[in-house]
Amino acid sequence: MTFPVRTERHDDVLVIISDSPPVNALGADVREGLKAGFEEGLNDASIKAIVLRCDGKTFFAGADITEFGKPPRGPGLHEVLDAMDKADKPIVAAIHGTALGGGCETALACHYRVAVPSAVLGTPEVKLGLLPGAGGTQRLPRLVGVKAALEMVAIGDPVPAKKAAEIGLVDRVVGEDSLEADAIAFAREQIGKPVPRISEKTATADPEAVEAFRKANARKMRGFDAPEANIRCVEAATDRPFAEGMKFEREEFMKLMMGTQSAAQRHLFFAERQAAKIDDIDPKTTTLRPINKVGVIGAGTMGGGISMNFLSAGIAVTIVEMQQDALDRGTGVMRKNYEASAAKGRIKPDAPDKAMGLLTPTLSLDDLADCDLIIEAVYENMDVKKELFGKLDKIAKPGAILASNTSYLNVDEIAASTSRPEDVVGMHFFSPANVMKLLEVVRGEKTAKDVLATVMALAKKIRKVAVVAGVTHGFIGNRMLSPRQQEANKLLMEGATPEQIDKVHVDFGMPMGPFQMADLAGVDIGWHRDPTRVESIRDALAAEGRWGQKKQAGFYDYDEKRNPTPSPRVAEIIEDFRSKSNMAKRDITDQEIVERTLYPMVNEGALILEEGKAQRASDVDVVWIYGYGWPVYRGGPMFWAKTEGYEKVVAGLEKHGFKVAQTLKDGTVK
Ligand code: 3H9
């Protein structure tokens with residue numbers, strides 16, 4: 001039989017086993033092997049039932065995404081699943097690990113499903129801008145009903161085995177360590193019974209559930225094409241025969257597959273995994289430093305959030321503050337956050353105590369002596385940081401990693417204040433640090449390779465997506481933010497309103513525009529604190545106490561519920577500035593806003609790459625998607641520039657007098 005699928009006979013039951021690491025993706029060879037395996041089982045009269053299972057860490061994790069967009073090879077998944085569905089001998093899927101996408105659909109084409117308790121089943125195609133295109137949208141509603149099917153296909157989160165059994169997706173939860181034996185026994189129980197085929201069931205229409213689902217998830221699905229296509233397919237499962245539903249599913253799948261959204265989302269899937277790789281470091285030959293205890297300096301919003309990441313992953317944290325009340329406040333907030341998550345059912349009821357039990361609050365830096373990694377999250381000031389690192393140099397044990405959470409400052413300069421710059425690295429978390437997925441890992445000139453590799457591996461453990469950045473002002477993300485903000489400010493002076501600029505960004509798919517972001521973060525951040533020194537519109541707002549949402553006034557006016565409305569006072573301030581600068585007001589088009597606020601970000605991204613401050617264009621995309629909410633369906637700024645067309649972006653930048661990065665001009669951004 002064709003590698004990587006083999007068969008094993010257990011008297012009258014044939015077990016078909018796929019062994020295709022790392023995740024048993026359903027590539028051409030696997031499909032070929034499955035086809036042959038089922039033919040063997042179905043053509044042999046002495047075989048009465050068939051079990052399908054996988055070796056390795058998981059049941060099939062889906063179609064092989066690397067095959068998408070390439071010419072088809074071997075038998076199609078439909079062909080294989082169709083033959084399984086029609087088989088007149090019972091076929092049992094024996095599931096462990098993650099039965100995802102095409103893997104879940106393969107299980108659905110079987111006549112029965114058994115799973116170990118730790119298994120999960122799901123159809124996450126929507127996260128790749130797709131839909132389960134191998135019958136998933138047609139079989140799921142027939143098996144679990146419209147409501148559960150919608151959640152599975154249009155949201156895409158996996159369902160644990162126990163819940164899968166409750167909704168009818170799994171027929172039996174079997175022993176964690178006896179999957180094959182239990183599946184064979186289960187299969188034998190089915191011999192002689194009529195073979196149940198999901199394709200022969202009917203799904204009852206539930207228009208109310210569909211509408212309620214659309215309404216409840218409108219925000220989450222905004223801008224994405226795939227969720228609605230998934231919903232339409234589920235509806236189709238209820239109003240036409242199986243074969244016609246399959247045809248409809250195929251058409252919708254192909255439309256999505258050919259579109260830019262899915263291309264962007266598939267790009268992100270691989271970009272995220274690529275980001276973990278460091279070009280000049282071989283993970284196989286690099287020994288990681290053990291990290292069992294982490295020190296965090298600063299118990300403010302940032303320090304607290306950073307600590308929670310480690311505590312949640314079961315890693316002990318010593319947190320240091322200068323004053324007892326600040327320490328108590330900080331740890332109090334952490335506990336409250338945990339308890340709120342437990343109350344919402346997001347974590348187990350005992351998780352807050354477990355996590356907080358791993359925390360040691362202290363007022364003394366000396367207590368960090370036994371930490372393997374120390375992260376400072378103190379005031380963003382070079383002198384403060386240098387002094388602190390000088391102290392840490394004396395306290396930390398040899399081999400401890402010393403990290404700064406700075407969001408702009410020069411990590412090499414910080415490292416130079418220690419006698420061990422090779423142990424120093426930047427770990428730039430994004431606020432709220434316990435929620436935001438991005439971690440920029442700043443590689444200093446002297447950062448040791450094993451330090452970098454250790455921090456990247458640790459990032460995965462605390463469920464962050466880490467991207468390596470070089471030392472440059474603002475690293476990748478904040479450096480790209482800067483030209484956007486400058487242009488947005490200029491556009492205000494030339495005649496655009498904060499509302500117009502923000503709307504262009506929100507319509508583009510960003511969670512908020514530059515001025516909404518300023519109001520959320522605080523207009524006073526970085527302000528010189530002298531109300532008589534008014535040199536910019538932002539200074540003027542800050543001088544009047546318009547510090548943003550927290551003061552119910554910033555670039556917008558806010559009501560008690562923080563709903564924004566355009567501010568007549570801000571319009572006056574802008575008008576005042578404009579007339580003082582003798583600038584003429586003109587109409588600004590939305591396209592100009594795109595060209596002057598989004599294109600410069602792409603340009604800056606290209607410059608960062610040219611300077612070698614990011615490893616690859618896809619890393620820049622990961623930063624903006626996970627750190628700043630760039631719309632996933634646009635694939636990140638560098639991917640988006642490619643879909644816009646480099647020529648168009650370059651022309652737009654040149655029209656407005658920007659100095660354009662050479663690689664953008666040449667179309668060689670990498
Ligand atoms: C689909 O099924 C369409 C059908 O409905 C319709 C067909 C007609 N293909 O994530 P990891 C690679 S769409 C190819 O680091 P983990 C991955 O790139 C698919 N490659 O491991 C990585 O490679 P490398 C629907 C894949 O343990 C390596 O495997 N299914 C695929 O953290 C290890 O991956 C999904 O969307 C794939 N399908 O997580 C599930 N999957 O080492 C996608 C993984 O070179 N997969 N690779 O960087 C996952 O969610 C996770 O990989 C999984 C394991 C949870 C399974």
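Helices (H or I, at least four residues) and strands (E, at least two) are DSSP runs, numbered from the N terminus. This is a predicted model: local features need pLDDT of at least 70, side-chain atom pairs count only at pLDDT 80 or more, and totals for chains, interfaces and linings use all residues. Residues are numbered from 1 along each chain as its sequence is written, and side-chain values use heavy atoms, with hydrogens and water left out.

**Stop 1: the domains**

Colour the chain by domain. Domain 1 covers 5-258, domain 2 covers 293-471 and domain 3 covers 496-580. These bounds come from an automatic or database domain assignment. Between the C-alpha centres of domain 1 and domain 2 the distance is 42 Å.

**Stop 2: the start of the chain**

Select Pro4. This residue sits in the segment before strand S1 (5-10). Is Pro4 buried or exposed? Pro4 has a relative accessible area of 6% and is buried. Here buried means under 20% relative accessible area, exposed over 50%, and partly exposed in between (1.4 Å probe, protein chains only). Gly33 is 29 residues from Pro4 along the chain, yet their C-alpha atoms are separated by 6.8 Å.

**Stop 3: the loop between S2 and H1**

Show the loop between strand S2 (13-18) and helix H1 (28-43); Pro22 is found there. The peptide bond from Pro21 to Pro22 is cis, with omega near 0 degrees. Asn24 lies in this loop between S2 and H1 too. Its phi is near 55 degrees, a positive value in a residue other than glycine. Asn24 counts as buried, at 2% relative accessibility.

**Stop 4**

Select residues 91-95, strand S4. Five of the five residues are buried, so S4 is largely enclosed by the rest of the structure. In a regular strand the side chains alternate between the two faces of the sheet. Ile91, Ala93 and Ile95 point one way from S4, and Val92 and Ala94 point the other way.

S3 and S4 run parallel and are joined by three bridges. Two strands count as paired if DSSP finds at least two bridges between them. Look for Val51, which stands opposite Val92 in S4. Trace the chain from S3 through helix H2 (residues 77-86) to S4: this β-α-β crossover is right-handed. That term applies if, with the strands pointing away from the viewer, the path from the first strand over the helix to the second runs clockwise.

Then show strand S6 (residues 112-115). S6 pairs with S4 in the parallel sense over four bridges. Val92 stands opposite Tyr112 in S6.

**Stop 5: a three-stranded sheet**

Select S5, S7 and S8. These three strands form an open sheet in the order S5-S7-S8, with mixed pairing. Which are the edge strands? They are strand S5 (98-100) and strand S8 (159-160), each pairing on one side only. Strand S7 (residues 120-122) pairs with S8 in the antiparallel sense over two bridges. Val120 has Pro160 in S8 as its bridge partner.

**Stop 6: strand S11**

Move on to residues 316-320, strand S11. Four of the five residues are buried, so S11 is largely enclosed by the rest of the structure. Strand S10 (residues 293-297) pairs with S11 in the parallel sense over five bridges. Lys293 stands opposite Ala316 in S11. Between S10 and S11 the chain passes through helix H13 (residues 301-312), and this β-α-β crossover is right-handed.

Strand S12 (residues 359-362) also pairs with S11 in the parallel sense, over four bridges. Find Ile319; Pro361 in S12 is opposite.

**Stop 7: the second largest pocket**

Select Ile297, Gly298, Val320, Glu321, Met322, Leu363, Leu365, Val378, Val384, Glu387, Leu388 and Lys391, which line the second largest pocket. On a 1 Å grid over the protein atoms alone, a pocket is an open set of points where a 1.4 Å probe fits, with protein on both sides within 12 Å along at least five of seven lines; lining residues have an atom within 4 Å of a point. The volume is about 280 Å³, counted as the space filled by probe spheres set on the points, which are joined across faces, edges and corners.

Which helix gives the most to the lining? Helix H16 (residues 382-395) does, with four residues. The lining divides into eight nonpolar, one polar and three charged residues. Ala, Val, Leu, Ile, Met, Phe, Trp, Tyr, Cys and Pro count as nonpolar, Asp, Glu, Lys and Arg as charged, and the others, Gly among them, as polar.

**Stop 8**

Select Pro432, in the loop between strand S15 (424-429) and strand S16 (438-442). A cis peptide bond joins Ser431 and Pro432, with omega about -10 degrees.

Finish at Arg463, in the loop between helix H18 (449-461) and strand S17 (465-469). Arg463 has a positive phi of about 60 degrees although it is not a glycine. Arg463 is exposed, with a relative accessible area of 70%.
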